[in-house]
Amino acid sequence: NRFPNTLDLTIWAIGPVIFVGIYLGIQAAVQHNKPFDQIARIFSIIGTSFPTFVFGLLVLMLFYANLQWFPPGRISDEYARVVSSPEFNHYTKLLTFDSILNGRFDVFVDVIRHMVLPILTLSYINWATFLRVTRGSMLETLRMEYVTTARAKGLPERDVINKHARPNAMLPITTL
């Protein structure tokens, strides 16, 4: 019964985990020993050493209890009645995808709104890992001779990073 909820959360959390973690790692490597890199390193140290459940409780305390920006639970009561009605078809048992397939974008928005805090919790802890691996790999790649050669040829720094360094630095990330 709980697996569809876990799968739904995982599907929506994987994109931010990968893209934000890789982006932050690349930016930290490109801005090596600058303030952004220092902040990113602190961010990754805290993220890798922080227990997920403690971070989740702190996020709940801040965004739910204090600021009251996001609601608790899986879905609001009014939309729970819609989902449990006979008109709502459960094609995949994944509430976000079923709401889209039923054409109920109001239900979809409500479900995503309820998933923001769990996605944030899962993402932050994993961003730290992706950031550290990407940063290390990019720093190593940026010191390679072919990157130095590309810079010596007069290529713009953006092209050096995006076309030469980044694709070669992604092997450890692909493994991760």
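Guide: A residue is called exposed when its relative accessible area is over 50%, buried when it is under 20%, and partly exposed in between, as judged with a 1.4 Å probe on protein chains only. The model is a predicted one, in which local features need pLDDT of at least 70 and side-chain atom pairs count only at pLDDT 80 or more, while totals for chains, interfaces and linings use all residues. Residues are numbered from 1 along each chain as its sequence is written, and side-chain values use heavy atoms, with hydrogens and water left out.

Visitor: Why is V109 called exposed?

Guide: V109 has a relative accessible area of 52%, and because the limit for exposed is over 50%, V109 counts as exposed. V109 belongs to helix α6, a helix here being a DSSP run of H or I with at least four residues, numbered from the N terminus.

Visitor: What makes L142 buried?

Guide: Its relative accessible area is 12%, which is under the 20% limit, and therefore L142 is classed as buried. L142 lies in helix α6, which runs over residues 105-142.

Visitor: Which residues does L142 touch?

Guide: Setting aside residues up to four places away in sequence, L142 touches A29, V30, V147, R151, I161 and A165, where contact requires heavy atoms within 4.5 Å. H164 is 22 residues from L142 in sequence, and their C-alpha atoms are 8.9 Å apart.

Visitor: Why is F50 called partly exposed?

Guide: The relative accessible area of F50 is 26%, which falls between the limits for buried and exposed, and so F50 is called partly exposed. F50 sits in the loop between α2 and α3, and beyond its neighbours within four places in sequence it is in contact with F55, L58 and I125. F50 and R132, which are 82 residues apart along the chain, have C-alpha atoms separated by 15 Å.

Visitor: How do you know that the reach of helix α2 is close to what is expected?

Guide: Helix α2 (residues 35-49) has 15 residues and reaches 21 Å from its first C-alpha to its last. The expected span is 1.5 Å times one less than the number of residues, and for α2 this expected value is 21 Å, to which the reach is close.

Visitor: Which residues of α2 are buried, and what puts them on the same side?

Guide: The buried residues of α2 are D37, A40, S44 and G47. They cover an arc of only 95° around the axis, the arc being that of the directions from the helix axis to the C-beta atoms, and so they lie on the same side of α2. An α-helix has 3.6 residues a turn, so residues three or four places apart point the same way. The buried residues of α2 pack against α1 (3-30) and α6, whereas the face turned away from the buried side carries the exposed residues P35, I39, I42 and S49.

Visitor: What is buried in α4, and why do these residues count as being on the same side?

Guide: In α4 the buried residues are Y79, V82 and V83. Because they cover an arc of only 95° around the axis, they are placed on the same side of α4. Their packing partners are α5 and α6, and the face turned away from the buried side carries the exposed residues D77, R81 and S84.

Visitor: Which residues line the second largest pocket, and how do they divide by class?

Guide: The lining consists of N5, R74, I75, V83, H90, K93, L94, L95 and D98. By class it has four nonpolar, two polar and three charged residues, where Ala, Val, Leu, Ile, Met, Phe, Trp, Tyr, Cys and Pro count as nonpolar, Asp, Glu, Lys and Arg as charged, and the others, Gly among them, as polar. A pocket is an open set of points on a 1 Å grid over the protein atoms alone, with protein on both sides within 12 Å along at least five of seven lines, and lining residues have an atom within 4 Å of a point.

Definitions and conventions
Helix = DSSP H or I, 4+ residues; strand = E, 2+ residues; numbered from the N terminus. 1 Å grid on protein atoms, 1.4 Å probe; cavity = no way out; pocket = protein on both sides within 12 Å on 5 of 7 lines; lining within 4 Å.
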